[in-house]
Amino acid sequence: MKDHIGIVVNNKKINELYNVISVQIENANLGTPGQFYELKVKYSQRMRIPISIYNITDNVVEFMVKIVGDGTKELTQLKEKDTIMALGPLGNPFTPPQADQNCLILSGGVGYAPFYYFKKHYPKANITWFHGGANRNEVFEADRIFTNDGSIGIKGFVTADLHEYLQNNKVDRILTCGPRIMMKNIANIALPFVKDIECSLEEYMACGIGVCYGCAVKVKTAKGLVYKTVCKDGAIFQGSEVIWDE
Amino acid sequence: MNRLATKLGKINFNNPITVASGTFGLECANFYNINKLGAIVTKTITPEEKIGNPTPRIYETECGLLNSIGLQNPGIDEFLKYHVKEYKNFSAPLLVSFSASTIDEFAEMLIKLEKIDYIKGYEVNVSCPNVENEGLAFGIDAKIVYELTKRLSKLTEKELIIKLSPNVTDIVSIAKAAEEGGASSVALINTLLGMAIDWKTGKSMIKRGVAGYSGTAVKPVALQMVYKVYQALSIPILAMGGIQNYKDCLEFIYAGASMLSIGTAQFCDPCLPIKIINDLHNHFTQNNINISDIKGKVWGID
């Protein structure tokens, strides 16, 4: 973990909501699927923004950024050769898939990002990928896609036919990232079928290194209910341990 | 000659830069040599474990950060058993922040902490805005601050810093009460009270509604409080509130600070405390001055 000075080598607009920002970072290949960097435009007085690793090629880390506020908008306005501070890689990766495991990926919106690199990083893994979004701007290549407005793919949430799918298919692991309500519903539907549900959580984050306890998430432990940090203890948590209704 | 050398009531420090309680952890050793800090201040410890406040706990708002962590900590017994020894081998003086609900509890905690010889002093948190009846109730009442400080000052020869709340009518009267009770220094300011609401839905951005507000926006507020307290007291001041760079530090020193804490700004740059130490050193060297040459020497005020 280090606060790297990154250089923007490309900032590609995918659609009105999404960009992919490519940043040249020292030791870029240290990052693993599920980890993230805390990004900050140099000289910005804004706090850092945690963004998942979307892809790594040579010495470049790619970040998929969805514009949700002024901070993410600032990131999408970066130009080639601009400097960006990149603190990371942070957090824990998804557990590597085993050869005989059937992995089901369920992503929502910008929750797509970590799995692009997961799939690339583990080319031999047995992966089925469902992805959902609000509309056609929020969906990307996957085995099955869903949109809330039905503009492309199946109309509905990514969980629309999950129960039926789990009844008819052998799934050993679920990996998910997206809105909290989506992951909560996935945990509720899937836990009777699949014990191992790795959820990549998001919370407003400050330090990124586990000192401020800002990005807390309530989980069940042997000691009882405790707050763990998304940045250091996570961002990956088991669906069965998270207190979803906090 | 070390131009950055400074002193609170009882301890000499190599430089005036430390870290605000709750914004620092040993994870910072990934970014710099912790021994370069003037001092280390721990996250606040309480008599029992606190799991902390419900989420969301933080929200970035205009020019600052709202936080409602709720003093999440393992409690003093766990801290003394497992955590305090992690600080043992640092040469930077260790200041432990602690808080409690009653004067007796504060005293019991201090007695336990006194057994650790490498703890060099205490920051007594009577000003956290994010817990019910814990600490803050003390910090807003001069009489209670006097009673508490009097009790604690008899129990220790070490640095005893009372950390003050800005959320009071007259911070000077509270600071004076700490001085009269035997505090060796005061720290100010803890966070202001703040709030943020999602304008689209009306939902509070913080689960508990009201939170502590820190960052750039609070600097002028902190500065005038440090100035007023310096005018009224003879014990030294550990100042904090929105410090972003060495220029902010100089303003606080002119207002009367002997030492400075970096807090929220570390979340933008984890290496900031060390950068500020270097910048201050360069400034003092170039201008051939020491902290004592400018401390409290703000001018141009009628």
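The questions and answers below go through the two chains and then the contact between them.

Mentor: Keep in mind that this is a predicted model, in which local features need pLDDT of at least 70 and side-chain atom pairs count only at pLDDT 80 or more, while totals for chains, interfaces and linings use all residues. Residues are numbered from 1 along each chain as its sequence is written, and chains are lettered from A and ligands numbered from 1 in the order in which they are written.

Trainee: How many helices and strands does chain A have?

Mentor: Helices (H or I, at least four residues) and strands (E, at least two) are DSSP runs, numbered from the N terminus. Counted in this way, the secondary structure of chain A comes to four helices and 16 strands.

Trainee: What is the radius of gyration of chain A?

Mentor: The radius of gyration is taken over C-alpha atoms, and the globule rule is 2.2 Å times the number of residues to the power 0.38. The C-alpha trace of chain A spans about 50 × 45 × 35 Å along its principal axes. For 246 residues a compact globule would have a radius of gyration near 18 Å, and this agrees with the value for chain A, which is 17 Å.

Trainee: What percentage of the residues in chain A are buried?

Mentor: A residue is buried if 20 or more other C-beta atoms lie within 10 Å of its own, exposed if 12 or fewer, and partly exposed in between, with the C-beta atoms placed from the backbone. Of the 246 residues in chain A, the buried ones make up 48%.

Trainee: Which strand of chain A is joined to β13(A) by five bridges?

Mentor: Strand β13 (residues 196-200) of chain A has four of its five residues buried, so it is largely enclosed by the rest of the structure. Two strands pair if DSSP finds at least two bridges between them, and three bridges join β13(A) to strand β16 (residues 236-238) of chain A in an antiparallel run, where Ser200(A) has Ile236(A) as its bridge partner. Ile197(A) of β13(A) has Ile174(A) standing opposite. The five parallel bridges come from strand β12 (residues 173-177) of chain A.

Trainee: Which helix lies in the β-α-β unit with β12(A) and β13(A)?

Mentor: The unit is right-handed; a crossover is given this name if, with the strands pointing away from the viewer, the path from the first strand over the helix to the second runs clockwise. The helix that belongs to the unit with these strands is α4 (residues 180-190) of chain A.

Trainee: Which residue of chain B is in contact with Val226(A)?

Mentor: Val226(A) is in strand β15 (residues 224-229) of chain A, and it counts as partly exposed because it has 18 C-beta neighbours inside 10 Å. Two residues are in contact if their C-beta atoms, placed from the backbone, lie within 7 Å. Leaving aside neighbours within four places in sequence, Val226(A) is in contact with Val219(A), Thr221(A) and, from chain B, Ile51(B).

Trainee: Which residues of helix α2(B) are exposed on the side away from the buried ones?

Mentor: In helix α2 (residues 103-113) of chain B the buried residues are Phe106(B), Met109(B), Leu110(B) and Leu113(B). They cover an arc of only 100 degrees around the axis (taken from the directions from the helix axis to the C-beta atoms), which puts them on the same side of α2(B). Their cover includes α1 (76-83), β7 (94-98), β8 (119-125) and α4 (142-153) of chain B. On the other side, the exposed residues are Asp104(B) and Ile111(B).

Trainee: Which element gives the most to the side of chain B that touches chain A?

Mentor: The contact takes 26 residues from chain B and 23 residues from chain A. On the side of chain B, β5 (58-61) and β6 (64-67) each supply at least two residues. With three residues, the element that gives the most is β5(B).
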